[in-house]
Amino acid sequence: MVEPRRCFEGERVAVRIEVSYDGGTGRVDPGVALGHGIRLDRLAVGPHRVELVMTAQRWGRWTLGTVDVDVYDLGGLARRTVRVDLGEIAVFPLPGHAGLTPVPVRLPQRLGEHTAAQRGEGVEVTGVHPYVRGERQRRIHWPATTRRGTLQVHQFAAERASDTVVLLDVLADVVDPVTGVSSLDETLRAAAGLVRAYLRTHDRVGVVSVGGATRWLQPGSGQGYFYRIVESVLEVRKDRAYRSEGLDRLPPPALPRGALVYVLTPLADQRILGILHQVRGRANPMVVVEIPAGEPVPEPGDTEDELALRLWRADRDAMRFALVEHGIAVVAHRPGRTLDLALAPLLRTRVHGGTR
């Protein structure tokens with residue numbers, strides 16, 4: 001028995017194996033072979049049971065491993081072995097902290113919690129206008145009415161919901177040579193934080209992962225949808241297997257018209273530029289969230305290595321500049337920091353889309 005089969009990073013998984021046999025027994029000796037990403041914390045052995053407590057260390061789908069249970073007779077001369085396959089578990093990433101939800105210039109005609117530029121039945125006052133027959137009298141703005149000599153009423157902004165798509169660049173997993181931080185780990189943790197923030201404001205959120213087989217899930221809403229979104233991309237990491245042999249075109253239903261697209265990428269693979277071109281060609285407002293991949297570490301005193309590092313930095317700066325010149329917002333997310341620090345500049349203005 002394995003409980004639970006779904007958990008978050010750092011949570012414990014309990015395994016209980018019942019052993020039954022005829023006659024007497026001397027001892028039960030289990031041999032545990034752990035899968036990748038799993039740590040054994042405790043092992044308890046009894047006459048008829050074996051109990052293990054494990055910790056799932058990283059997100060993904062992980063094989064727990066196997067347990068070979070050796071059962072000896074009273075004299076210790078005869079032995080029987082039973083192999084127990086523990087199966088696999090789904091480990092969800094710990095969502096990064098995110099509370100800000102920037103919105104595009106144009107919002108769909110659907111009731112929500114974001115203030116739109118259009119006039120409507122919201123709660124945010126945007127000005128006053130002359131009274132029109134049928135409007136509520138309690139909305140009369142008396143100071144403006146006194147100054148102008150005619151009835152003036154409050155003008156409110158409409159409140160709309162947005163469609164948001166989180167596009168994950170899983171073309172490569174780049175590990176920082178200094179800190180050992182994985183770009184793939186940080187990408188999904190930041191994505192989980194974004195998804196949870198927008199779902200809390202009752203927006204519709206979808207996900208697309210590019211790299212190997214393109215996986216996508218149409219935008220939906222509701223707190224339960226968070227687990228559907230995260231589980232749809234867990235196949236990116238199955239044990240330590242990693243595939244990025246192909247790259248398909250983005251399916252049209254994956255990017256609804258006008259949806260705000262967050263592209264989480266370390267900008268380490270040039271193929272992601274083709275994906276950005278596809279998104280911009282559909283006129284979707286887009287934000288590129290750069291996940292730091294770390295810098296190469298030159299040998300001390302090696303002038304050629306230092307020159308190569310300068311060229312590497314210049315190439316990345318040129319890539320960012322090209323994206324900004326095409327009207328694409330680029331923000332940098334630092335591991336260990338809240339995602340709100342990266343998204344805060346986007347609140348100064350609405351995110352604009354491209355042109356068809």
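Predicted model: local features only at pLDDT ≥ 70, side-chain atom pairs only at ≥ 80, totals over all residues.
Student: How many helices and strands does the protein chain have?

Tutor: The protein chain has 6 helices and 19 strands, these being DSSP runs numbered from the N terminus (helices are H or I with at least four residues, strands E with at least two).

Student: And how much of the chain is buried?

Tutor: Of the 356 residues in the protein chain, 44% are buried, where buried means under 20% relative accessible area, exposed over 50% and partly exposed in between (1.4 Å probe, protein chains only).

Student: What is the strand order in the open sheet of 3 strands?

Tutor: The order is β2-β10-β7, with mixed pairing; two strands pair if DSSP finds at least two bridges between them. The edge strands, each pairing on one side only, are β2 (6-8) and β7 (60-63).

Student: In what sense do β2 and β10 pair?

Tutor: Strand β2 pairs with β10 (residues 88-92) in the parallel sense over 3 bridges, and Phe 8 stands opposite Phe 92 in β10.

Student: Switching to rings, how many aromatic pairs are there in the whole structure?

Tutor: A search of the whole structure finds 5 aromatic pairs, counting rings of Phe, Tyr and Trp (its six-membered ring) whose centres lie within 6.5 Å, with planes under 30 degrees apart called stacked, over 60 edge-to-face and the rest tilted. In one of them, the rings of Phe 92 and Tyr 227 have centres 5.7 Å apart and planes at 50°, so the pair is tilted.

Student: Why does that pair tie together parts that are 135 residues apart in sequence?

Tutor: Because Phe 92 lies in strand β10 whereas Tyr 227 lies in helix α3 (residues 225-232). Phe 92 is buried at a relative accessible area of 4%, while Tyr 227 is partly exposed at 39%.

Student: Which residues do ring pairs link into a cluster with those two?

Tutor: Phe 8 and Phe 226 are linked with Phe 92 and Tyr 227 into a cluster.

Student: Last one: where is Gly 274?

Tutor: Gly 274 is in helix α4 (residues 272-281) and is partly exposed, with a relative accessible area of 38%. Its C-alpha atom is separated by 9.3 Å from that of Arg 249, 25 residues apart along the chain.

Technical notes:
Residues numbered from 1 in each chain as written. Heavy atoms only, no water.
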